[in-house]
Amino acid sequence: MTSSKGERAVKKSHLLSAVAACALLVGCSQDDTSAVSRTERDTAEAYVAALNARDADALARLGTPGYEDADKDAREIIAADGGRGLKIKSVRVSHDFGPDVASTHVTATDEQGTPFSTYIQMSRDKDVWVITLGEAKNFGKDGKTSASTESPG
C-alpha cells in the first residue's frame, strides 16, 4: 500500500518540525557555552584526578575563581594526599545548609588497597560546583572584629 498525498504531506510536515526543533536546541546549546555546568560528583572526580596526578594547578582551578591563596591550599592538599592512585568507591553528597552548599564525602582506596576518606566542601558558582580553597579577596579587612564567644562578667 502507498500513502496518500495528504499523509505524505503530514509526515513531511512532522519531519520538518522535528528538524527545526533539533536545530533550535543545537543553536541554544551553542549560545550558552559561557556557563559549563559541573555537578558535585563531577567536581569530586576532578578533585581525585588532580590528587592522583599531583596537579596543584588543576586542583586550584576547581576552586572559586578570584579567591586568594587557592593555589597555596591546593599545593598543601597535593603534598598531603597526592599521587596515591586513588580509586573512588563512593561519593555521597549532602546539602545540609541549602541547595547551593554541599559537603561531599569521598571514599576510595589507593594503589596498595589502603582506604582513603575525605570531605570536600563545595558551593555552587552559577551552574558549576567549586571546592572551598583560599578565601575571598579582602576577607576580614573591613575593620570590624568578630563577636566574642566568652560569657560576660
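**View 1. The H105 side chain meets the S117 side chain in a polar contact of 2.7 Å.** A polar contact is a pair of N or O atoms within 3.5 Å; within protein, one must be able to donate a hydrogen and the other to accept it, and residues adjacent in sequence count only if both atoms are side-chain atoms. This is a predicted model: local features need pLDDT of at least 70, side-chain atom pairs count only at pLDDT 80 or more, and totals for chains, interfaces and linings use all residues. Residues are numbered from 1 along each chain as its sequence is written, and side-chain values use heavy atoms, with hydrogens and water left out. H105 lies in strand β2 (residues 101–109). Helices (H or I, at least four residues) and strands (E, at least two) are DSSP runs, numbered from the N terminus. H105 has a relative accessible area of 10%, so it is buried (under 20%; exposed is over 50%, partly exposed in between; 1.4 Å probe, protein chains only). Setting aside residues up to four places away in sequence, H105 touches S90, V91, R92, S117, T118 and Y119 (contact: heavy atoms within 4.5 Å).

**View 2. D110 sits in the loop between β2 and β3.** Its side chain makes a polar contact with the side chain of R84 at 3.3 Å. The D110 side chain also reaches the backbone nitrogen of T114, at 2.9 Å. Is D110 buried or exposed? It is buried, because its relative accessibility is 10%. Beyond its neighbours within four places in sequence, D110 contacts R84, G85 and L86.

**View 3. Four strands form an open sheet in the order β1-β2-β3-β4, with antiparallel pairing.** Two strands pair if DSSP finds at least two bridges between them. β1 (87–94) and β4 are the edge strands, each pairing on one side only. Neighbouring strands are turned by 35° against each other on average, direction ignored. Helix α2 (residues 40–53) packs on the sheet and touches β1, β2, β3 and β4. The direction of α2 makes about 130° with that of β3. Axes are lines fitted to C-alpha atoms, for helices over the stretch in contact, and angles run from 0 to 180 degrees between N-to-C directions.

**View 4. β3 (residues 115–125) and β4 pair in the antiparallel sense over four bridges.** S123 stands opposite V130 in β4. The hairpin of β3 and β4 has two residues between the strands, and K126 there takes a positive phi near 65°.

**View 5. Strand β4 (residues 128–131) is covered on both faces.** In a regular strand the side chains alternate between the two faces of the sheet. V128 and V130 are buried on one side, W129 and I131 on the other.
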